[in-house]
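Colleague: Could you take me through the sheet in this one, and the aromatic rings that go with it? I'd like a close look, with the cut-offs spelled out as you go.

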Amino acid sequence: MASVSLDDKLVVAISSRALFDFEEENRVFESGDAAGYMQMQLQRLDQPARPGIAFSLVKKLLAFNDTSAQRVEVVVLSRNDPVSGMRVFRSAKANGIDLQRGVFTQGRSPFAYLRPLKATLFLSTNADDVRGALAAGFPAARVLTESVLASVNYPKEVRIAFDGDAVLFSDEAERVFQNQGLEAFQQHELTKAAQPLPGGPFKPLLLALHRLQQAANAQMRIRTALVTARSAPAHERAIRTLMDWNIQVDEAMFLGGLPKGEFLREFEPDFFFDDQTRHVAHAALHVPSGHVSAGIANLVS
């Protein structure tokens, strides 16, 4: 058998609850009845689970694969037991998701397996696993299962929206804002406008998406948006940083503290990433959302 490699692929590692709607089953599990949970999954083996919050993102990314190249790989990385894993694979097949690999750890944290998987992104509903993944250097977000599902209006576009500070960029500027206030933040960014910001936890994903777009066929495209609370004059450093990375986002919204949810509703992303819980909670009312528990905002909150 020929050797298999995940090198040069965009690898999405995802928990079963982020991919499918297992909320009813999870309530049984959370009640402490692990055996009852496993039995429920076994009884529902031939009942495909409904799409979950990150389903649209995953399905569209997989559409970048064709007969000439397998550019995207999706792996279920789950605290589930292997028996429940059978239902995940069957649900994937029923929903048109090409899922070949899965790691099921039966209650143990699975994030250590991100390294051998060469994961580009980790999506989970477990906050501890996400924090561990971020600490290990992987782009990771806790999927809010209360989010609304993605729009179906753009079947040929993967639409992804990112916050700036502590997500695409480091939290260097955010630290100034948290410690010294808005005026000091604006002055700090004005004086450093020509100095690119260090990369944040999601810079590797943005770069991987950029490579995917360049390598892929014309059937699918990626549309990205920077959605940030920054306003002029602090916008310039963010734009210059992306220019320095040789990356273009399709849309940039500098909202000066306005709630992001309504703007995101108009952009209709398959997923939105933000480091601040209040922004993510508001966004989840409008679009699929994930919390990136990185940076100073997650130390002081």
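Modeller: Let's start with Val 12, whose bridge partner in S4 is Leu 121. Strand S1 (residues 10–14) and strand S4 (residues 121–124) run parallel, with three bridges joining them. For pairing, DSSP has to find at least two bridges between two strands; the strands (E, at least two residues) and helices (H or I, at least four) are DSSP runs, numbered from the N terminus. Before going on, note that this is a predicted model: local features need pLDDT of at least 70, side-chain atom pairs count only at pLDDT 80 or more, and totals for chains, interfaces and linings use all residues. Residues are numbered from 1 along each chain as its sequence is written, and side-chain values use heavy atoms, leaving out hydrogens and water.

Now the whole sheet. It's an open one of ten strands with mixed pairing, in the order S3-S2-S1-S4-S5-S10-S9-S6-S7-S8. Strand S3 (101–104) and strand S8 (251–254) are at the edges with a single partner strand each, so one side of each has no neighbour in the sheet.

Next, a helix at that S3 end. Helix H5 (residues 82–94) lies across strand S2 (72–78) and S3, and runs at about 150° to S3. Helix H10 (residues 203–215) packs on the sheet too, touching S1, S2, S4, strand S6 (157–162), strand S7 (221–228) and strand S9 (271–274), and its direction makes about 150° with that of S7. Contact here means heavy atoms within 4.5 Å; axes are lines fitted to C-alpha atoms, for helices over the stretch in contact, and angles run from 0 to 180 degrees between N-to-C directions.

On to the rings: there are nine aromatic pairs in the structure. Rings of Phe, Tyr and Trp (its six-membered ring) pair if their centres lie within 6.5 Å; planes under 30 degrees apart are stacked, over 60 edge-to-face, and the rest tilted. Phe 20 and Phe 55 make a tilted pair, 6.2 Å centre to centre with 50° between the planes. Phe 20 sits in the loop between helix H1 (16–19) and helix H2 (23–30), and Phe 55 in helix H4 (residues 55–62), 35 residues apart. Phe 20 counts as buried at 0% relative accessibility, and Phe 55 is buried at 10%; buried means under 20% relative accessible area, exposed over 50%, and partly exposed in between (1.4 Å probe, protein chains only).
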